[in-house]
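Here's a quick briefing to read next to the model. Keep the viewer open while you go through it.

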Amino acid sequence: MKGGKSKADGKSTDAALKPRAAGRSKKAVKDPNKPKRPPSAFFVFMEEFRKVFKEKNPNNKSVAAVGKAAGEKWKAMSEADKATYKAKADKRKAEYEKTMDAYNKKQAGGHGDDDSDKSKSEVNDNEDDSGEEEDDDE
C-alpha cells in the first residue's frame with residue numbers, strides 16, 4: 001500500500017502527543033544551607049570594576065554595557081594584572097573548600113535530624129486537633 005497509513009502509525013503519533021509523566025522532570029531540591037561556590041578571577045575583577053564603572057557612568061543602568069566593558073578590559077589586561085584577581089579567587093576557593101568539608105561532615109553526621117523533638121505525624125495531629133475545635137464552635 002503506497003501512501004496509506006496503517007493503524008500502528010496512528011498509535012505512535014498519539015503516544016508522542018500525550019504529556020509526559022510529571023514525576024520524571026522534577027529537579028532536586030537545593031539545600032539553602034549549602035555554601036555558595038566561590039567566584040572566578042573574572043568575577044572578583046567584576047566586583048571592583050562595577051564600582052569604578054558606576055562612578056564614571058552614573059546614568060548607565062544597563063547590565064549588558066557593564067559586562068561588555070568589563071570583558072573588553074579583562075581581555076586587554078596582562079597576566080601580571082590578572083594575577084592579583086587570580087590570587088584573591090584562589091583564596092576564596094580555599095575558604096570554600098574548608099566550608100564545604102565542614103558542610104559535608106555535618107550532612108553525613110546529622111542527616112535527617114530536625115530541630116523539633118516531635119515527629120511529623122505528631123505535628124500534623126496537633127494541627128488537625130486545632131482545626132476540629134474551630135469546627136465544633138460553629
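This is a predicted model: local features need pLDDT of at least 70, side-chain atom pairs count only at pLDDT 80 or more; totals for chains, interfaces and linings use all residues.

Residues are numbered from 1 along each chain as its sequence is written, and side-chain values use heavy atoms, with hydrogens and water left out.

**Overall fold**

- The chain has five helices and zero strands, where helices (H or I, at least four residues) and strands (E, at least two) are DSSP runs numbered from the N terminus.
- In sequence order the pattern reads α-α-α-α-α.
- Buried residues come to 12% of the 138 residues in the chain; buried means under 20% relative accessible area, exposed over 50%, and partly exposed in between, with a 1.4 Å probe and protein chains only.
- Of the contacts with a separation of 6 or more, 69% are between residues 24 or more positions apart, with contact meaning heavy atoms within 4.5 Å.

**α2 against α4**

- Helix α2 (residues 41-56) packs on helix α4 (residues 79-109) at an angle of about 110°, and their axes are 8 Å apart. Axes are lines fitted to C-alpha atoms, for helices over the stretch in contact, and angles run from 0 to 180 degrees between N-to-C directions.
- That makes α2 and α4 roughly perpendicular to each other: angles under 35 degrees count as roughly parallel, over 145 as roughly antiparallel, 65 to 115 as roughly perpendicular and the rest as oblique.
- Ala41, Val44, Phe45, Glu47 and Glu48 in α2 touch Tyr85, Lys86, Lys88, Ala89 and Arg92 in α4.
- Sorted by class, this contact of α2 with α4 has five nonpolar, no polar and five charged residues. Here Ala, Val, Leu, Ile, Met, Phe, Trp, Tyr, Cys and Pro count as nonpolar, Asp, Glu, Lys and Arg as charged, and the others, Gly among them, as polar.

**α2 against α3**

- The angle between α2 and α3 is about 120°, with the axes 10 Å apart.
- So α2 is oblique to α3.
- On the α2 side, the residues meeting α3 include Phe42, Met46 and Arg50, and their α3 partners include Ala65, Gly67 and Gly71.
- The contact of α2 with α3 divides into 11 nonpolar, two polar and two charged residues.

**The core**

- The largest nonpolar core holds 12 residues, among them Phe45, Phe49, Phe53, Trp74 and Tyr85. Such a core is a set of buried Ala, Val, Leu, Ile, Met, Phe, Trp, Tyr and Cys residues joined through side-chain atoms within 4.5 Å.
- α2, α3 (63-76) and α4 each supply at least two residues of this core, and α2 gives the most, with six residues.
- Setting aside neighbours within four places in sequence, Phe49 is in contact with Val66, Ala69, Ala70 and Lys73.

**Pro38 in the loop**

- Pro38 sits in the loop between α1 (7-17) and α2.
- Pro38 counts as partly exposed because its relative accessibility is 24%.
- Not counting residues up to four places away in sequence, Pro38 touches Arg92, Lys93 and Tyr96.
- Pro38 and Glu97 are 59 residues apart along the chain, and their C-alpha atoms are separated by 9.2 Å.
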